[in-house]
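Work through the exercises below with the sequence and the coordinates open. Each task is followed by a stepwise solution.

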Amino acid sequence: MQTYPLIIAGMSVPAGAHFEVRNPADGSVVGLAPKASLADLDEAVAAATAAFPSWSATPDSIRKAACHAVADTLAAHAEELARLVTLEQGKPLNGLGSRWEIGGAQAWAHYTADLELLPKVLQDDNAGRVELHRTAIGVVGSITPWNFPVMIAIWHIVPAIRAGNTVVVKPSPYTPLSTIRMVELINAVLPPGVVNCVTGDNEIGAAMSTHAGIGKIAFTGSSGTGKKIMASAAPTLKRLTLELGGNDAGIVLPDCDPKAIAEGLFWGAFINNGQTCAALKRLYVHERIHDEVCDELVAVARRTPVGNGLDEGSVLGPIQNRMQFERVRQLVDDAVAHGGRLLSGGPPPDPEGSLFYPPTLVTGLDNGVPLVDEEQFGPALPIIRYADVEAVIARANDNPNGLGGSVWSPDIEAATSVARRLRTGSVWINKHGAIQANAPMAGVKQSGLGISFAEEGLQEYTDVQVIFK
């Protein structure tokens with residue numbers, strides 16, 4: 001069994017204690033992760049602080065080339081990283097699984113490497129010249145979740161270093177190993193201290209949000225934890241990018257062909273077993289086609305193989321951890337108790353150590369039931385019948401979250417009209433959750449603070465400096 005190190009100042013640093021990381025498919029121990037102390041965190045921040053002056057002063061072309069080299073490193077070790085993600089996260093190697101995640105991380109790194117932060121001329125006349133420049137903030141603390149451990153780390157790390165910052169990344173204790181290995185690999189193409197990795201329990205994340213040596217926190221995770229980070233970062237006035245929870249609604253208009261949209265609806269909801277912030281989490285279907293849509297979704301669910309992610313035939317894997325498994329089970333049980341009808345799936349037998357939960361479709365519900373109102377973050381989709389489009393827009397918006405949403409119709413103009421009235425940061429037409437590197441992503445309401453991706457996301461890792469000449 002492999003024992004993993006901390007990565008500090010470009011070196012593998014042994015920890016004084018370790019914890020087990022288990023495969024959610026069978027409960028076996030994948031490896032031993034280092035349990036960092038607060039002193040280890042201080043050492044990592046010190047290494048990032050020491051690296052910052054030279055890295056921020058490095059010519060832009062060299063930082064760009066370094067980010068491309070990071071992407072190339074991911075490509076060179078893609079299968080190793082994908083297998084490690086599957087072992088600790090549970091997602092299959094194939095389909096929209098770990099190989100897809102590593103490929104996405106490569107593409108994001110290459111795209112971000114080519115982004116520019118050019119000076120902007122605000123005035124140039126007889127009264128003088130005014131220029132807006134963007135400067136690196138300093139040390140960025142990255143706190144990442146367990147659902148996409150490599151790709152989300154890349155979403156934080158690459159724009160940070162592209163802008164001239166240095167990084168201390170802390171992955172989820174459920175899935176730390178692939179992030180440790182990824183940081184170890186990219187340190188071969190980066191100067192020492194530019195990217196460091198510490199792992200441990202929640203104490204380390206909390207200490208990062210209060211640490212005086214960290215100038216910005218990039219966090220992806222739950223709204224509850226994001227609020228705690230925002231509060232604890234206040235005394236040091238840290239910059240924040242918080243990509244938080246979602247309860248994305250999909251609205252199927254009455255002119256849809258149920259068979260034509262079934263696959264798109266299913267994978268909008270069940271990508272990564274529903275363990276995705278921007279997954280479709282509640283589906284409103286017009287009464288005219290409600291039953292047909294349900295039938296088509298059940299057919300897709302029944303032909304989707306669920307199994308150990310190392311099996312090349314698996315398309316969906318287990319829920320990643322016991323806490324999330326129990327949450328999904330409780331929400332589905334509660335939905336049935338409130339009159340919901342299971343169309344497929346439902347709580348499975350629970351062999352010791354196994355966290356498999358089949359794709360579950362529940363109908364007969366409405367707003368006011370926890371499975372509809374709360375983020376389930378797992379393989380259970382409530383399907384809600386509606387009759388009036390105006391009323392369903394109000395029901396879709398009646399939620400504290402506002403990450404994404406979707407509208408389904410062959411009439412693109414009508415769908416866009418509905419989409420413009422959804423209070424969400426992103427809206428998709430006839431698809432769901434298709435985020436991309438060239439499109440900014442930002443949540444509204446309690447789904448986040450700040451912007452990720454594209455030029456606007458890169459700017460989040462900078463301070464503004466205006467020069468008057």
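Buried means under 20% relative accessible area, exposed over 50% and partly exposed in between, with a 1.4 Å probe and protein chains only. This is a predicted model, where local features need pLDDT of at least 70, side-chain atom pairs count only at pLDDT 80 or more, and totals for chains, interfaces and linings use all residues. Residues are numbered from 1 along each chain as its sequence is written, and side-chain values use heavy atoms, leaving out hydrogens and water.

**Exercise 1.** Classify G245 as buried or exposed, and list what G245 touches.

Step 1: G245 lies in the loop between β11 (239-243) and β12 (248-252); strands are DSSP runs of E with at least two residues, helices runs of H or I with at least four, numbered from the N terminus.
Step 2: The relative accessible area of G245 is 3%, so G245 is buried.
Step 3: With contact meaning heavy atoms within 4.5 Å, and residues up to four places away in sequence not counted, G245 touches G221, S222, S223, E375, N401, L403, Q446 and S447.

**Exercise 2.** State which residues of α9 are buried.

Step 1: Helix α9 covers residues 258-270.
Step 2: Its buried residues are P258, I261, A262, L265, F266, G268, A269 and F270.
Step 3: Their cover includes β12, α10 (290-302) and β18 (404-408).

Definitions and conventions: Expected span 1.5 Å × (residues − 1).
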